[in-house]
Amino acid sequence: MAYLIAISMSLLVAAFVPRLIEENQHGTFLLVKRPWYKDTKKWQLIGLVSLSALPILLISCFRYGVGTDYFHTYVPQFLSIVNGSYTHYYEPGFYLLNLLVASLTSDPQWLIALCALLTLGLVYVVTVFLSDNYFMSILLFYLTYTYFVSINNIRQALASAILLLALYFLVRKKKIAFVLLTILAGTMHQSAYCFLIMAVLDLLPLSQLSYLLINLGFYIFIKLLGKRILALLALLIPRVQMYLNQGVYLGKTIGKLYLGVQIAISLIYLYLEYQQRFNRDLTQFSYNKSSFKSQLVGMLQLDDRQKLGNSAEEWAIAKLLQWMVLIVCAMDGILPATYRVVRIFTYAQFIFIPNAISKFGRDDKRRLILYILVIVIFGILFVHDFAMGFEQVYPYKSIFNH
């Protein structure tokens with residue numbers, strides 16, 4: 001009930017944000033004739049976004065014993081830092097964050113609250129600047145289970161939120177800032193270092209159909225030779241051999257329903273690229289609709305980002321992220337902690353999926369149909385995760401009634 005009330009309040013306020021974003025010239029806070037701090041509409045937007053985040057922030061800060069790792073990892077590790085018996089488990093950035101809080105208080109709840117503030121603060125702020133549909137993005141933030149996972153996996157959630165900011169710079173082709181922020185995210189959770197590959201993959205100008213064909217080929221390759229390659233690596237790398245012997249993080253960690261949802265999103269991307277009727281002209285294909293062969297050639301041709309700017313870059317990055325999701329999923333049972341690596345690449349879905357769909361005009365019925373389809377797809381997954389007690393974030397407990 002606590003979640004339902006907080007999320008409902010957050011979404012209610014979020015519904016009024018898109019209009020203010022438009023009035024403030026989306027993404028141009030600093031590009032105004034007068035100082036932004038003197039702009040009334042800017043303060044209205046800041047206030048409304050803050051108010052939108054406040055309900056969920058409060059229950060995130062005041063939660064108690066929620067999630068599998070609350071008492072298993074975060075509280076005991078923090079207390080060990082307080083009493084000087086820490087055994088160097090955390091990444092350096094998160095350790096320093098613990099050390100900072102420990103220098104001020106011995107209450108671990110302050111660490112929980114600070115992480116919630118940093119994570120949700122980054123999510124809501126970056127969403128304002130990067131999303132083309134603020135309300136839909138916030139809705140999917142909850143519906144994709146992204147928020148509920150962040151309640152339990154605090155380190156990875158904080159790292160992923162930093163990566164969200166890094167993506168903002170990658171879209172604008174500022175790769176140095178992207179790399180630095182990704183390294184910072186890696187100091188919170190080491191899985192974030194995998195994201196550095198995006199700085200290289202961003203150079204790939206492939207179409208969505210090409211990515212899907214590569215995914216299919218890679219999946220077949222892993223099915224046929226994956227186990228043999230793993231056995232060979234175990235002979236060369238002692239840590240891999242240790243994982244095999246102990247069974248640590250090996251085995252299937254990606255459910256079939258989750259994989260099906262990611263395939264469905266990839267097919268939606270394929271449909272969006274095929275339709276090619278985006279408001280911002282994300283990609284340009286030259287083919288004759290009367291010829292199936294020419295359509296196929298058009299769907300396989302390289303994208304052209306030189307002329308199209310940030311919109312094309314964003315679309316290319318969205319496709320890359322979805323491609324990496326399926327690549328990682330194909331290695332399930334071979335790659336240690338596969339589900340953790342997948343989360344790094346899926347975190348931004350609540351922004352990039354609505355952005356891709358919003359390229360259809362507001363009066364285009366396909367836009368509404370696709371929004372409903374995405375809500376249904378993730379809604380089914382949400383109900384499944386809820387029923388399975390995923391991450392053990394239900395029922396909610398607060399510090400006031402523990």
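Modeller: Let us begin with a definition: a residue is buried under 20% relative accessible area, exposed over 50% and partly exposed in between, using a 1.4 Å probe and protein chains only. Helices (H or I, at least four residues) and strands (E, at least two) are DSSP runs, numbered from the N terminus. The model is predicted, so local features need pLDDT of at least 70 and side-chain atom pairs count only at pLDDT 80 or more, whereas totals for chains, interfaces and linings use all residues. Residues are numbered from 1 along each chain as its sequence is written, and side-chain values use heavy atoms, with hydrogens and water left out.

Biologist: How many helices and strands are there in the chain?

Modeller: The chain has 19 helices and zero strands. It has 402 residues, of which 52% count as buried.

Biologist: And which residues of α1 are buried?

Modeller: Y3, A6, I7, S10, L11, V13 and A14 are the buried residues of α1. They cover an arc of only 165 degrees around the axis, taken from the directions from the helix axis to the C-beta atoms, and therefore lie on the same side of α1.

Biologist: Which exposed residues does the face turned away from that buried side carry?

Modeller: That face of α1 carries the exposed residues L4 and L12.

Biologist: What span should α1 have?

Modeller: The expected span is 1.5 Å times one less than the number of residues. For the 13 residues of helix α1 (residues 2–14) this gives 18 Å, and the end C-alpha atoms are 18 Å apart, which agrees.

Biologist: Changing topic: how many salt bridges does a search of the whole structure find?

Modeller: The search finds seven salt bridges, each defined as a side-chain nitrogen of Lys or Arg within 4 Å of a carboxyl oxygen of Asp or Glu. One of them joins K175 and D202, with the closest N and O atoms 3.7 Å apart. This pair links distant parts of the chain, 27 residues apart: K175 is in helix α10 (residues 175–186) and D202 in the loop between α11 (198–201) and α12.

Biologist: Are K175 and D202 buried or partly exposed?

Modeller: K175 is partly exposed because its relative accessible area is 27%, while D202 counts as buried at 6%.

Biologist: What is the N to O distance for E273 and K319?

Modeller: The closest N and O atoms of E273 and K319 are 2.8 Å apart. E273 is buried at 2% relative accessible area, and K319 is buried at 1%.

Biologist: Which residues are linked in a network?

Modeller: D132, E314 and K359 are linked in a network of salt bridges. Within it, K359 and E314 meet at 3.6 Å, N to O. K359 is in the loop between α18 (349–357) and α19 (365–387) and E314 is in helix α16, so the pair ties together parts 45 residues apart in sequence. K359 and E314 are buried.
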